[in-house]
Amino acid sequence: MQVPVRYVVHAANTNLTLPAAQVQALLDAGICWTDGQQRIHSSHTSAQLGEWSIAHGIGVCDFCSGQPIVARYGCVNFTGMGSDGRPMKFFGDWVACADCERFIDARQFSLLSAHCAAAHCKRIPRSRIAKTQLRQRISILHRQFAHHATGEKRAI
Ligand SMILES: [Zn+2]
């Protein structure tokens, strides 16, 4: 299996790590640009980049980074712990693929974190973080999401 290359995009309010295909589409649309140091920037916020990606059918699941996405869950902005263990700001709605949607709607958060940790390890096989620790962090993040979710859900 080929591991998709991911890029960090320096958005107006936070950094995002996105798959190569999504970054290429954002570059092609002129929403992002590269500087002389191969870094990718955008004057848009992470939420605006997310909305553009959803509108153009290239959004990735906020839970496992899978595609395609099928649902969006209303959520207020919050600061939580990212999967790297550092504080991170999360803006607005969260979008989900069909697998994650099933776990979220059934409130099977343990299965959701297992699915996301497995997806992360498949995507980044040489990730420096142990799978159990990653799953723990993801689980904490998902609890934070559940706490801040508004209860609204819409199909994409
Ligand atoms: Zn997913």
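What follows is a walk through the fold of this protein, from its overall build down to a few single residues.

A word on the model comes before the details. This is a predicted model, so to speak of local features a pLDDT of at least 70 is needed, side-chain atom pairs count only at pLDDT 80 or more, and totals for chains, interfaces and linings use all residues. Residues are numbered from 1 along each chain as its sequence is written.

Taken as a whole, the protein has five helices and nine strands; helices (H or I, at least four residues) and strands (E, at least two) are DSSP runs, numbered from the N terminus. Going along the sequence, the pattern reads β-β-α-β-β-α-β-β-β-β-α-α-α-β. The radius of gyration, taken over C-alpha atoms, is 15 Å, close to the 15 Å that the globule rule gives for 156 residues, so the protein is as compact as a globular protein of that length. That rule is 2.2 Å times the number of residues to the power 0.38. The C-alpha trace spans about 45 × 35 × 30 Å along its principal axes. Of the 156 residues, 29% count as buried, where buried stands for 20 or more other C-beta atoms within 10 Å of a residue's own, exposed for 12 or fewer, and partly exposed for anything in between, with C-beta atoms placed from the backbone. Among contacts between residues at least 6 apart in sequence, 59% join residues at least 24 apart; a contact here has the two C-beta atoms, placed from the backbone, within 7 Å.

The protein splits into domain 1 (1–57) and domain 2 (60–156), with bounds that come from an automatic or database domain assignment. The C-alpha centres of the two domains lie 19 Å apart. Ten residues from domain 1 and nine residues from domain 2 take part in the contact. On the domain 1 side, β2 (15–19) and α2 (46–55) each supply at least two residues, and α2 gives the most, with three residues. By class, this side of domain 1 has six nonpolar, four polar and no charged residues. Nonpolar covers Ala, Val, Leu, Ile, Met, Phe, Trp, Tyr, Cys and Pro, charged covers Asp, Glu, Lys and Arg, and the others, Gly among them, count as polar.

Next comes a sheet. Four strands form an open sheet in the order β2-β1-β4-β3, with mixed pairing; strands pair if DSSP finds at least two bridges between them. The edges are β2 and β3 (32–34), each pairing on one side only. Neighbouring strands of this sheet are turned by 35 degrees against each other on average, direction ignored. Strands β3 and β4 pair in the antiparallel sense over three bridges, and C32 stands opposite S42 in β4. Helix α1 (residues 20–28) lies across β1 (6–10), β2, β3 and β4, running at about 110 degrees to β2. Axes are lines fitted to C-alpha atoms, for helices over the stretch in contact, and angles run from 0 to 180 degrees between N-to-C directions.

S43 is in the loop between β4 (40–42) and α2, and counts as exposed because it has 10 C-beta neighbours inside 10 Å. From S43 to S65 is 22 residues in sequence and 23 Å in space, C-alpha to C-alpha. A155 belongs to strand β9 (residues 149–155) and is exposed, with 7 other C-beta atoms within 10 Å. Leaving aside neighbours within four places in sequence, A155 is in contact with V70 and A71.
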